[in-house]
Amino acid sequence: MEHAQTLAQPQALAQQYLAAWNERDTPARRAQVARLFTLDAEYLDPMMAGAGHDGIDALIAGAQQHFPGHRFILAGTPDAHHDVLRFGWTLHGPDGLEVVRGLDVATVAPDGRLARVTGFLDQVA
């Protein structure tokens, strides 16, 4: 089974994912989460976990409260094969300094949305 979006557009999918994490307007973020994740999607990293649109939106909102004024930026070039996408990212504070560096691995559903994301924290300032 080929997942054309993953193979053809890993950069765009990773950028859309980080845009959802950076969106501070709640209705706009919820709309991005709905477009980006399957209904039963799961998210897991060493610090938090969430499932479904409501759970994932809540954990993004929680991260934004914990890191006010911070922004996620894509680090390097996303890579994909079959239905798996991986990409690095950095989190920068309002002063522009990097405070966290990580890597996410995502399973992409046949419809092109994310079904599961597992995050790894490589460096925390």
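The structure holds one cavity of 30 Å³ or more. This is a predicted model, and everything I say today is about that model. The space in the largest cavity comes to about 60 Å³.

What lines it? The residues are Trp 21, Asn 22, Arg 24, Ile 60, Ala 63, Gln 64, Phe 67, His 70, Phe 72 and Leu 91. By class, six of the lining residues are nonpolar, three are polar and one is charged. Helices α2 and α4 each supply at least two residues of that lining. Which of the elements gives the most to it? That is α4, with three residues. As background, empty space is found by rolling a probe the size of a water molecule over the atoms.

Asn 22 sits in helix α2. Is Asn 22 buried or exposed? Its relative accessible area is 9%, and the cut-off for buried is under 20%, so Asn 22 counts as buried. Setting aside neighbours within four places in sequence, Asn 22 is in contact with Gln 64, His 70, Arg 71 and Phe 72. Gln 64, His 70 and Phe 72 are also on the list of residues lining the cavity.

Now α4 itself, which covers residues 52–66. Its 15 residues, at 1.5 Å a residue, should span 21 Å, and the C-alpha atoms at its ends are 21 Å apart, so the two agree. The buried residues in α4 are Gly 52, His 53, Ile 56, Asp 57, Leu 59, Ile 60, Ala 63 and Gln 64. In general, an α-helix has 3.6 residues a turn, so residues three or four places apart point the same way. With that in mind, look at Ile 56, Ile 60, Ala 63 and Gln 64, which are among the buried residues of the helix. What covers the buried residues of α4? The cover includes α2 (10–22), α3 (26–36), β1 and β2.

That brings in the strands. Strand β1, residues 37–44, runs parallel to strand β6, residues 114–124, and four bridges join them. One of the partners to look for is Leu 114 in β6, which is bridged to Phe 37. Strand β1 also pairs with β2, residues 49–51, here antiparallel and through three bridges. In that pairing, Leu 44 stands opposite Ala 49 of β2. The two strands make a hairpin, with four residues between them.

Next, the largest pocket. How much space lies in it? About 320 Å³. It has 18 lining residues, and Asp 45, Met 47, Met 48, Phe 67 and Leu 121 lie nearest its centre. Phe 67 is on the cavity list as well. The elements that each supply at least two residues of the pocket lining are α2, α4, β4 (84–92), β5 (98–108) and β6. By class, the pocket lining has 14 nonpolar residues, two polar and two charged.

Last item, a backbone angle. Most residues other than glycine have a negative phi. His 82 is not a glycine, yet its phi is positive, at about 50 degrees. Where is His 82? It is in the loop between β3 (71–81) and β4. His 82 has 55% relative accessibility, and the cut-off for exposed is over 50%, so His 82 counts as exposed.

Key
Residues are numbered from 1 along each chain as its sequence is written. This is a predicted model: local features need pLDDT of at least 70, side-chain atom pairs count only at pLDDT 80 or more; totals for chains, interfaces and linings use all residues. Side-chain values use heavy atoms; hydrogens and water are left out. Two strands pair if DSSP finds at least two bridges between them. The expected span of a helix is 1.5 Å times one less than its number of residues. Buried means under 20% relative accessible area, exposed over 50%, partly exposed in between (1.4 Å probe, protein chains only). Contact means heavy atoms within 4.5 Å. On a 1 Å grid over the protein atoms alone, a cavity is a set of points where a 1.4 Å probe fits but cannot get out, and a pocket is an open set with protein on both sides within 12 Å along at least five of seven lines; lining residues have an atom within 4 Å of a point. Grid points are joined across faces, edges and corners, and a volume is the space filled by probe spheres set on the points. Ala, Val, Leu, Ile, Met, Phe, Trp, Tyr, Cys and Pro count as nonpolar, Asp, Glu, Lys and Arg as charged, and the others, Gly among them, as polar.
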